[in-house]
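Subject: Structure handover

Hello,

Here is the structure you will be taking over. Please have a look at it before reading my notes.

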Amino acid sequence: MRRIQFTINALGHCRRLPLSSPHLNPLLNPLHHHYVSQHKLIALTGRRCFSHTPYFYKKKDKLNKNTGTELDTKSPKGGVVSDDPLDLSQLQVGITTAVSRLKDDLSKLRVGGRFNTGAIETLRVQLNKGSKEVVKLGELAQVIPKGGRMVAILVAEEEHIKPINSAIVSSNLSLTPQSDAHNALQLNILIPPPTKESRDQTVHIAKTAMEKAASSIRDSRGAVHKRLQDMQKKKIARPDDVRKAQDQMEKLTEKGQKELKDLFDAAKKALERA
């Protein structure tokens, strides 16, 4: 059956259009060629060109299948791990961090008869008994050495005096604050002379800090050792490079442990002379 289509002109008269008319078939009108949609092309020609398939119809997995794979170079903690066996930066960072932490811990101890005010400033103060909010003492007050064996604590707000006093008394510093007679916002602390018992306790604290730092270095060494073993099993690196990296790893670890021991020995001697 032949289809007959009509159009209505401006006067409202209906007239028949042949199939070859440009008004009926937009493909015959070059002016309208670029405005024919994909759906009209399919309807008129009955053909679909694969080059016109929308990009978002393609599956993402198929797009990424042949783009190549990358090695996972991220460690579980979010750091980047190199695939070079001779790159021991992970161990070096671990050693540097452990040494820096030990120096900071030892600086807070009472060495050579001098009391370090940082030991008071870093105390944790619980502002309210029913609250879990904890603030460093140094954020609530100013710790000032007054000369001799006296330390003054200038509190910013009166409501913080009681929590600060409780934090100092409950610490392991063996200190007892006293209220100042002329300033209600000041606490005075008389530093007692060191005794054999206090020296031994301080040495024990220093040794514990050293052991903690040494354990941190061993953990860093263990992570690097595991990485080298995995590279050797998966044949990512040459055996000679792995052996060379292991030798350098042991030397770095030994050097780091020796630096920790030297720091502890120096602090111990200073404590014994106090």
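Below is what was found in the structure.

This is a predicted model, where local features need pLDDT of at least 70, side-chain atom pairs count only at pLDDT 80 or more, and totals for chains, interfaces and linings use all residues. Residues are numbered from 1 along each chain as its sequence is written, and side-chain values use heavy atoms, with hydrogens and water left out.

The overall picture: the protein chain has 7 helices and 8 strands (DSSP runs, H or I of at least four residues for helices, E of at least two for strands, numbered from the N terminus). Of its 274 residues, 27% are buried (under 20% relative accessible area, 1.4 Å probe, protein chains only).

Then D180. It sits in the loop between β7 (177–179) and β8 (186–190). D180 is buried but has no salt bridge (a side-chain nitrogen of Lys or Arg within 4 Å of a carboxyl oxygen of Asp or Glu). The nearest side chain of opposite charge, K146, is 7.9 Å away. The D180 side chain does reach backbone nitrogens: that of H182 at 2.9 Å, and that of N183 at 2.9 Å.

Best wishes

Definitions and conventions
Buried means under 20% relative accessible area, exposed over 50%, partly exposed in between (1.4 Å probe, protein chains only). Lys and Arg count as positive and Asp and Glu as negative; His and the chain ends are not counted. A polar contact is a pair of N or O atoms within 3.5 Å; within protein, one must be able to donate a hydrogen and the other to accept it, and residues adjacent in sequence count only if both atoms are side-chain atoms.
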